[in-house]
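The sequence and the structure are shown below.

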Amino acid sequence: MPTGGQPEEELKALLPASIAVRFEEMFPDVRPGRINRRDRKRAEMLRKAEPVLQRALNPMEVVRFTTNGVRQLTWWLLTAGSMNPFANRTTLVLTDRRVLLIHTDSRQQPRMFANQLPLERIRSTSGRNSYIFIRSGREQLMFHGVKRSEARQLKGLLESTATKKGGWQNLCPRCFTATDDAPLSCAKCGEEFKSPKKAALRSLLFPGLGDFYLGYRKYAMLEIMGAGLLWALFVSTLVPTVMAKGVEGAIVAGPLLALLAVIHTGDALLTRAKAKTGLHSRDGNLPTGEQSLEPAS
Ligand SMILES: [Zn+2]
């Protein structure tokens, strides 16, 4: 048990003032002496998520634990596993009612979308090394890149919950109303969300356009440049051979064209999957401390 030394006071000062935190569960390893670097990071992480927590949590809700990592759904792993660490940084917040996932950028500022799992919907939890697995309904969330001790701690906090059916819920990125579905607009505040279909069609037209539409700008630019290079290669292969050998020369560029078709189709499917991970707001963002607080009416 922490003895109320200096590190405890320091950590408490770092925590967001407007959010109730169960200190002993959040920081089980606080010792008198000096503040643990990772604990400091986690307190700061929570403070960066404060604008979202203020809107998403109920007045009496208490935060029990937080950590960050990369989220992964089983089927999603099969398609987009390799680039996931760049696009799926997530802050996980455990409260006395739910597990909240807040999509963030690499500096832990909230971005894009949020999801939640009410505690009574958790079917099972397990953890191994830097991984946490949370099963609910048909889906299994794989959360990785977590510190080993944190994975163990979180698993301990989640173990005692009941087993019922249900699954992850999407949160409206504006008013944070939870829904089991993936509507195109919020039933409560009317906020319109990005359409997975539109995102997919844009990526089919040219890889990266769908990501740009969703708000993943940097990632989109990389994709557009990559696909642009391939198209340039295709044209620079096609044109000289057709000029030299006539239309039959076009066969030389056939494999490249096939590759391009695969990339366009593949990116369309990926973008659709990414769009369906959460409700993406029109401006593609969640509230952060970097912008002024406005009432979520
Ligand atoms: Zn809403």
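At what angle do the axes of helix α10 (residues 217-245) and α11 cross?

## Packing of α10 against α11

In this predicted model, the two axes cross at roughly 160° and come within 10 Å. Because angles over 145 degrees count as roughly antiparallel, α10 is roughly antiparallel to α11. The crossing of α10 and α11 is left-handed.

From α10, the residues in contact are Glu223, Ala227, Leu230, Trp231, Leu233, Phe234 and Thr237; from α11, they are Leu256, Leu257, Leu260, Ile263 and Asp267. By class, this contact comprises nine nonpolar residues, one polar and two charged.

## Packing of α8 against α11

Helix α11 (residues 254-275) also packs with α8, the two axes coming within 7 Å and crossing at roughly 160°. The pair α8 and α11 is therefore roughly antiparallel, and the crossing is right-handed.

Pro196, Ala199, Ala200, Ser203 and Leu204 of α8 meet His264, Thr265, Asp267, Ala268, Thr271, Arg272 and Ala275 of α11. Six nonpolar, four polar and two charged residues make up the contact of α8 with α11.

## Confidence

The protein chain has an average pLDDT of 86, with 89% of the residues scoring at least 70.

Where pLDDT is low, predicted coordinates should not be read in detail.

Notes. Residues are numbered from 1 along each chain as its sequence is written. This is a predicted model: local features need pLDDT of at least 70, side-chain atom pairs count only at pLDDT 80 or more; totals for chains, interfaces and linings use all residues. pLDDT is the predictor's confidence in each residue, from 0 to 100. Axes are lines fitted to C-alpha atoms, for helices over the stretch in contact, and angles run from 0 to 180 degrees between N-to-C directions. Helices (H or I, at least four residues) and strands (E, at least two) are DSSP runs, numbered from the N terminus. Angles under 35 degrees count as roughly parallel, over 145 as roughly antiparallel, 65 to 115 as roughly perpendicular and the rest as oblique. A crossing is left-handed if the near helix is turned anticlockwise from the far one by less than a right angle, and right-handed if clockwise. Two residues are in contact if their C-beta atoms, placed from the backbone, lie within 7 Å. Ala, Val, Leu, Ile, Met, Phe, Trp, Tyr, Cys and Pro count as nonpolar, Asp, Glu, Lys and Arg as charged, and the others, Gly among them, as polar.
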